[in-house]
Amino acid sequence: MDISIKYQQENVILRISGSILGEDRIELGDKIQELVDNGGKNVVLNLQDVDLMDSVGLGMLVALRTSLQRREVKLLLSNVDRSVRSLLLITKLNNVFDLYDTEDEALAELGSEDKDRFMV
């Protein structure tokens, strides 16, 4: 698993490539927690190049979402590969996660939430 990181304002975009299996979950979870600890307001996970995710990786995403939600940090998934999307559909977790076709759509959603928050 490889992780590349990009910042857009206070949002952190992680582009994941490879597989999210077993021990990969620890590296990914720790990296996201570190980025949030350092000021990341929201996290977008681009899963376009994730070719395989097992139940352990899926469980990590659920736990991570819960942990971030307690800190009022949003976790959005973008560019979800067909195999990962199928896994989310089978487990009905597609109703739990915010899924977007592109990073831009996810960031636009975050931008609209920021605007709503500051409307007078």
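Start by selecting Leu87, which you'll find in helix H3, residues 82–90. Keep in mind as you click around that this is a predicted model. Is Leu87 buried, exposed or something in between? Its relative accessible area comes out at 22%, so Leu87 counts as partly exposed, given that buried means under 20%.

Now show what surrounds Leu87. Leaving aside residues up to four places away in sequence, Leu87 touches Met53, Asp54 and Leu58.

Next, hop over to helix H2, residues 55–70, and bring up helix H1, residues 24–37, alongside. The two pack at an angle of about 20°, and their axes are 10 Å apart. Angles under 35 degrees count as roughly parallel, and H1 and H2 are therefore roughly parallel to each other. Their crossing is right-handed.

From H1, pick Arg25, Leu28, Gly29, Ile32, Gln33 and Val36; across from them in H2 are Val56, Met60, Leu64, Ser67 and Leu68. Colour that contact by residue type and you get seven nonpolar residues, three polar and one charged.

Last stop: Ser19, in strand S2, residues 11–20. Which side chain does the Ser19 side chain make a polar contact with? Select Asp51: the contact between the two side chains is 2.9 Å. Beyond four places away in sequence, Ser19 also touches Met1, Asp24 and Leu52.

Terms used:
Residues are numbered from 1 along each chain as its sequence is written. This is a predicted model: local features need pLDDT of at least 70, side-chain atom pairs count only at pLDDT 80 or more; totals for chains, interfaces and linings use all residues. Side-chain values use heavy atoms; hydrogens and water are left out. Axes are lines fitted to C-alpha atoms, for helices over the stretch in contact, and angles run from 0 to 180 degrees between N-to-C directions. Helices (H or I, at least four residues) and strands (E, at least two) are DSSP runs, numbered from the N terminus. Angles under 35 degrees count as roughly parallel, over 145 as roughly antiparallel, 65 to 115 as roughly perpendicular and the rest as oblique. A crossing is left-handed if the near helix is turned anticlockwise from the far one by less than a right angle, and right-handed if clockwise. Contact means heavy atoms within 4.5 Å. Ala, Val, Leu, Ile, Met, Phe, Trp, Tyr, Cys and Pro count as nonpolar, Asp, Glu, Lys and Arg as charged, and the others, Gly among them, as polar. A polar contact is a pair of N or O atoms within 3.5 Å; within protein, one must be able to donate a hydrogen and the other to accept it, and residues adjacent in sequence count only if both atoms are side-chain atoms. Buried means under 20% relative accessible area, exposed over 50%, partly exposed in between (1.4 Å probe, protein chains only).
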